[in-house]
Amino acid sequence: MKKGRIALLSFFKRWLLRGLLALAGIWLAGIILFSFMPVPFSAVMVERQFSAWFSGDLSYVAHSDWVSMDEISPWMGLAVIAAEDQKFPDHWGFDVTAIEKAIAHNERNENRVRGASTLSQQTAKNLFLWDGRSYLRKGLEAGLTLGMEVVWTKRRILAVYLNIAEFGDGVFGVEAASQRYFHKPASRLTASEAALLAAVLPNPIRFKANAPSGYVHQRQQWILRQMRQLGGESFMAQHELK
């Protein structure tokens, strides 16, 4: 009986290892393929879609329209950098200073958890992983972030981020968001409109770009000030992100 349990445990370990290796292979292939191919959908989009179906909402559609960086207003890239990750052009995927500050803050304020994810980390999570907080997911996110930073350019990471970011209920990607909220392509977004879209990113289900609260307006104005301090469009050109 004991030998049988040991054999069964060994069998499960082998298949678990094979499954993990297969998953790692899929992620590696995805990193390589999406370094030049448009991203058709993300893990978060799939998660949202199935969640809606299982809850009985058959009308929900996670919608995204892929566009290249040349088809996105430079203001949009600048807005998300100003709002989410001002060290994006220079770091290697992680902002160590921001992580240390977030840890110190969270130790003092257990009920008000602060994140420190860079745009690279958010892209890795949105594209390949599930939503939520866990050490397992953060560990996988770190590995995927490093892989993306090695294979992709910063411009590519920003392009993928903007195309899969969630901007509202069922609205994914800057092109879909621009069409939904401003009735025009992402290439024609103004600085103010880009800042408004960036303002809802922390919680696009709670914060509405088409019905912004006072907080969202305040955050929009703060983002605009940060965009000016970074140097406007010249910042994007300087770092070859335009």
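A contact, as I use the word here, means heavy atoms within 4.5 Å. I am working from a predicted model.

**Entry 1: Leu158 and the core**

I started with Leu158 and looked up its contacts, leaving out residues up to four places away in sequence. Leu158 touches Met69, Gly77, Val80, Ile81, Phe88, Leu119, Met236 and Leu241. I then checked the largest nonpolar core, which has 58 residues. Leu158 is among the members that touch the most others there, together with Met76, Phe167, Val174 and Leu197. Apart from this core lies another one of 6 residues, including Val44, Met45, Ala52 and Phe172. A reminder to myself: in soluble globular proteins, nonpolar side chains tend to be buried together.

**Entry 2: helix H3**

Next I turned to helix H3, residues 74–84. Why is H3 described as largely enclosed by the rest of the structure? Because 8 of its 11 residues are buried. I listed the buried ones in H3 as Met76, Gly77, Leu78, Ala79, Val80, Ile81, Ala82 and Ala83. Gly77, Val80 and Ile81 were already in my notes as contacts of Leu158.

**Entry 3: Gln49**

Is Gln49 buried or exposed? Its relative accessible area is 11%, under the 20% cut-off, so Gln49 counts as buried. Its side chain reaches the backbone nitrogen of Ala62 at 2.9 Å. Beyond residues up to four places away in sequence, Gln49 touches Tyr60, Val61 and Ala62.

**Entry 4: a nonpolar patch outside**

Then I moved to the surface. Leu28, Ile32, Leu33, Phe36, Met37, Val150 and Val151 form a nonpolar patch there, with about 670 Å² of accessible area together. Helix H1 (2–33) and helix H6 (135–151) are the elements that give two or more residues to this patch. Which of them gives the largest share? I found that H1 does, with 3 residues. I picked out Val150, which sits in helix H6. Its relative accessibility is 71%, so Val150 counts as exposed.

**Entry 5: the whole chain**

I noted 11 helices and 2 strands, running α-α-α-α-α-α-α-β-β-α-α-α-α from the N terminus on. Buried residues make up 43% of the 242 residues. For contacts with a separation of 6 or more, 69% join residues 24 or more positions apart. The accessible surface comes to about 13400 Å², and 60% of that belongs to carbon and sulfur atoms.

Conventions
Residues are numbered from 1 along each chain as its sequence is written. This is a predicted model: local features need pLDDT of at least 70, side-chain atom pairs count only at pLDDT 80 or more; totals for chains, interfaces and linings use all residues. Side-chain values use heavy atoms; hydrogens and water are left out. Patches are made of residues with over 30% relative accessible area and no salt bridge: like charges are joined within 9 Å, nonpolar side chains (Val, Leu, Ile, Met, Phe, Trp, Tyr) within 5 Å. Accessible areas come from the Shrake-Rupley method with a 1.4 Å probe; for residues, only the protein chains shown count as cover. A salt bridge is a side-chain nitrogen of Lys or Arg within 4 Å of a carboxyl oxygen of Asp or Glu. Helices (H or I, at least four residues) and strands (E, at least two) are DSSP runs, numbered from the N terminus. Buried means under 20% relative accessible area, exposed over 50%, partly exposed in between (1.4 Å probe, protein chains only). A nonpolar core is a set of buried Ala, Val, Leu, Ile, Met, Phe, Trp, Tyr and Cys residues joined through side-chain atoms within 4.5 Å. A polar contact is a pair of N or O atoms within 3.5 Å; within protein, one must be able to donate a hydrogen and the other to accept it, and residues adjacent in sequence count only if both atoms are side-chain atoms.
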